[in-house]
Amino acid sequence: MQDKAFYRSMASKRFALYLAEKEVEARREHQRIYGEISPNTWDVSHKMDKSTYCEETKKSQSFRELKRQVMEFPYYVGEM
């Protein structure tokens, strides 16, 4: 799978982040989770090496590292 990340803006300056091979897959996953069609989805694949802190694991991890651990795509990373 190519390294691709997509995000969908949401209310209150938050966004949902997905790992997927194609934008349409990220849109479908957003609709499945939130029950709404995602008209604005952006490819943020150029930020795959950015890190984020996970409260559950108490460690930082890049989106590329996370992608290597994921078994099924599209993958909902979470709201940020």
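Four strands make up an open sheet in the order E3-E1-E2-E6, with antiparallel pairing, where strands are DSSP runs of E with at least two residues, helices are runs of H or I with at least four residues, both numbered from the N terminus, and two strands pair if DSSP finds at least two bridges between them. Strand E3 (41-43) and strand E6 (75-79) stand at the edges with a single partner strand each, so one side of each has no neighbour in the sheet. From one strand to the next the twist averages 25°, angles being taken between N-to-C directions, from 0 to 180 degrees, of axes fitted to C-alpha atoms, for helices over the stretch in contact.

This is a predicted model, in which local features need pLDDT of at least 70 and side-chain atom pairs count only at pLDDT 80 or more, while totals for chains, interfaces and linings use all residues. Residues are numbered from 1 along each chain as its sequence is written, and side-chain values use heavy atoms, with hydrogens and water left out.

Within the sheet, strand E1 (residues 5-9) pairs with E3 in the antiparallel sense over three bridges, and Phe 6 stands opposite Asp 43 in E3. Helix H1 (residues 23-34) packs on the sheet, touching E1, strand E2 (15-19), E3 and E6, and its direction makes about 130° with that of E2; contact here means heavy atoms within 4.5 Å.

The largest nonpolar core has eight residues, namely Ala 5, Leu 17, Leu 19, Val 44, Met 48, Phe 63, Leu 66 and Val 70. Such a core is a set of buried Ala, Val, Leu, Ile, Met, Phe, Trp, Tyr and Cys residues joined through side-chain atoms within 4.5 Å, with buried meaning under 20% relative accessible area, exposed over 50% and partly exposed in between (1.4 Å probe, protein chains only). E2 and helix H2 (63-69) each supply at least two residues of this core. Apart from it lies another core of five residues, including Phe 6, Ala 16, Tyr 18 and Ala 26.

The structure also holds two aromatic pairs, for which ring centres (the six-membered ring for Trp) must lie within 6.5 Å, planes under 30 degrees apart counting as stacked, over 60 as edge-to-face and the rest as tilted. The rings of Tyr 18 and Tyr 76 have centres 5.4 Å apart and planes at 45°, so this pair is tilted, and it links strand E2 with strand E6 across 58 residues. Tyr 18 counts as buried at 1% relative accessibility, whereas Tyr 76 is partly exposed at 26%. Tyr 34 and Tyr 76 form an edge-to-face pair, 6.1 Å centre to centre with 75° between the planes.
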